[in-house]
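Trainee: Please take one part of this model and look at it closely with me. Keep the terms clear as you go.

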Amino acid sequence: MSILTVENLTKSYGEKVLFSDISFTIADKQRIGLIGVNGTGKSTLLKIIAGIETAEKGKVTHANKFQIEYLPQHPILDGQLTVLDQIYFGDNSLMKVLRDYEQAANELEKNPNNTGKQDKLSFLQQEMDRMNAWDASSMAKTILTRLGIENFSQPVKELSEGQKKRVAIAKALVQPADLLVLDEPTNHLDNEIIEWLERFLTQYQGALLVITHDRYFLNRVTNRILELDQGKLYGYEGNYEAYLAGKAQREEQTITAEKKRQNLLRKELAWLKRGAKARSTKQKARVQQVHQIQEQEVDMHKKDLEFAIGSQRLGKKVLELKGISKKYGGERLISDFSYRIGPGEKLGIIGPNGAGKTTLLKIMAGFIEPDAGVVEIGQTVKVGFYSQNYVDMDLDLRVIEYIREGADNVKTADGQWITAEQMLERFLFPRSQQWAYIGKLSGGERRRLYLLRRLMEEPNVLFLDEPTNDLDTETLSILEDYLEQFPASVITVSHDRFFLDRVVDRLIAFENDGVISKFAGNYTEYLELQKHEKEKKPASKKDQKKSVPTSINKEQPRKLSYMQQREWDEIEGKIASLEQRKNQLQEDITMVGSDYERVQQLYKEQQQVDEELDQFMERWTELSLLIEEIEQRTQK
């Protein structure tokens, strides 16, 4: 059932048309991901749906009592409110009674003998009962706790920017809504919190419309993708994986259509050149047909984006940290840490917010001095540093002028030269946009431009501080392609799990207990190791008491039981069968096309297969570890 309809929506800024005559519907409990290159109007579209901005043409319709909860990319909170007051802020009757109850409880706590305050609290307790508000209160506090906010009475003005963002997310999740609209909710969140948010949203009772660059998030949460591209809107049923398959098919069809158009055009032009010069009606009709073919607009703006910029020669010695220590505000972030980076190494730095990741990155780059220890940088190193903040951009410069300040052209790894204009095109700035002023670009477009400027300087050691924030998925793919071909070293701080999996081959991990660990592999491999180590940890004393065997002298089994052995013999075949079924379902989803009901059936079956496959993989891991332990005991 459709709960919201968008019809023939058109919006422009100045001469730039963001989107034209786009239409779509949102169904009950549908989870939609909105993607597109930065500057195409994604955030503007969300604001129009939320009623914050208006369109020049078209309309958005929904039921009269329809409720939308909108979380902007940069939320503004009331600094004078407490955390809970901010969470319960709003005109909704449920939120009002929750807010009044918390305030009354706090007032009575300060003056417990005041009978007037006792009566007020008693009345509000009855209102809480009548409206079944206790579950909402419990959920709000649980969400805040899971997001790392534990002091509910703390004034918002005392929170860090990251904490304010999490409070805003909690507010959006708590408010009763038919449609939840989220603009980049995962920016600046730790991976652990993002994974919790994914699980929460898969169980969310209302519909969801979300902008995010986090491709794992899109794959796990959404069941439909809308893409804004060159002012048009394209819809794909399924998650991000299904979108990639569908888009590849659409672009292949576009290329075929363009080839047919060009062939027809050539034939028509050849006919005209051979034809008589007489001004017959037939001749005029053929001329008119040629003009119509020429005026047809076929989207062929996608180009081969594979490229490898050469970099200055890098010697054997790149960077070495020896016994590094650093404190901030009396808190020790880094203690006696040593690490050596080799030529061509792709290193990721991960960990919770505030742990010291950016500090370590800046120490490595030579921007911050350590309190103790030595940083040795090779003589041939040319540093390129991409910062989270790009405040040094002159907004009065034109796009091409800003890039040319870095370099007019760059040399590729195979010896060819690429001009600044060509590089801008490869980073999704068409020639028509290259003479625009930077001040007229969107935030995401400026970040993309800033990234290109750093790359144009041809560093041989590239430092990236949260490069994926505010970048669209297409730009991220371009950046990942570039880094895969980059012949020198890369050190990056990132929360983007997909980016880390694709780019890095080693990790430095700031862990919760203050330890900084080193790991050879990507992010998913690191998580798997952490999971196995957690499973191997000895149980707490309380748990050990529960699991004390009846006979302490009883020997551990030296072989699998009959049932375990049978399970082990069959499990790999079952896993292979499920993986085959998963692949078949993905092909079926791609082939079905616009049959929404059939796609939904296939998508649900795919989710069931994924869950079953995860269970079998976990059991396979348990049995393989058990076999390994048995073999070790047998050898002893």
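Mentor: Just after helix H11, Gly366 takes a positive phi of about 85 degrees. A word on the source: this is a predicted model, where local features need pLDDT of at least 70, side-chain atom pairs count only at pLDDT 80 or more, and totals for chains, interfaces and linings use all residues. Residues are numbered from 1 along each chain as its sequence is written, and side-chain values use heavy atoms, with hydrogens and water left out.

Now step back into the helix. H11 spans residues 357-365. Helices here are DSSP runs of H or I, at least four residues, numbered from the N terminus. Seven of the nine residues in H11 are buried (under 20% relative accessible area, with a 1.4 Å probe and protein chains only). They are Lys357, Thr359, Leu360, Leu361, Ile363, Met364 and Ala365.

Look at Met364. Leaving out residues up to four places away in sequence, Met364 touches Leu319, Leu321, Ile341, Leu347, Ile349, Val375, Ile377, Phe463, Ile491 and Ile508. Contact means heavy atoms within 4.5 Å.

Met364 also belongs to the largest nonpolar core, which has 74 residues. Such a core is a set of buried Ala, Val, Leu, Ile, Met, Phe, Trp, Tyr and Cys residues joined through side-chain atoms within 4.5 Å. Met364, Leu449 and Ile508 have the most contacts inside this core. Helix H14 (residues 443-456) gives the most to it, with six residues. A second, separate core has 47 residues, including Leu84, Leu108, Leu147 and Tyr204.

Key
Buried means under 20% relative accessible area, exposed over 50%, partly exposed in between (1.4 Å probe, protein chains only). Helices (H or I, at least four residues) and strands (E, at least two) are DSSP runs, numbered from the N terminus.
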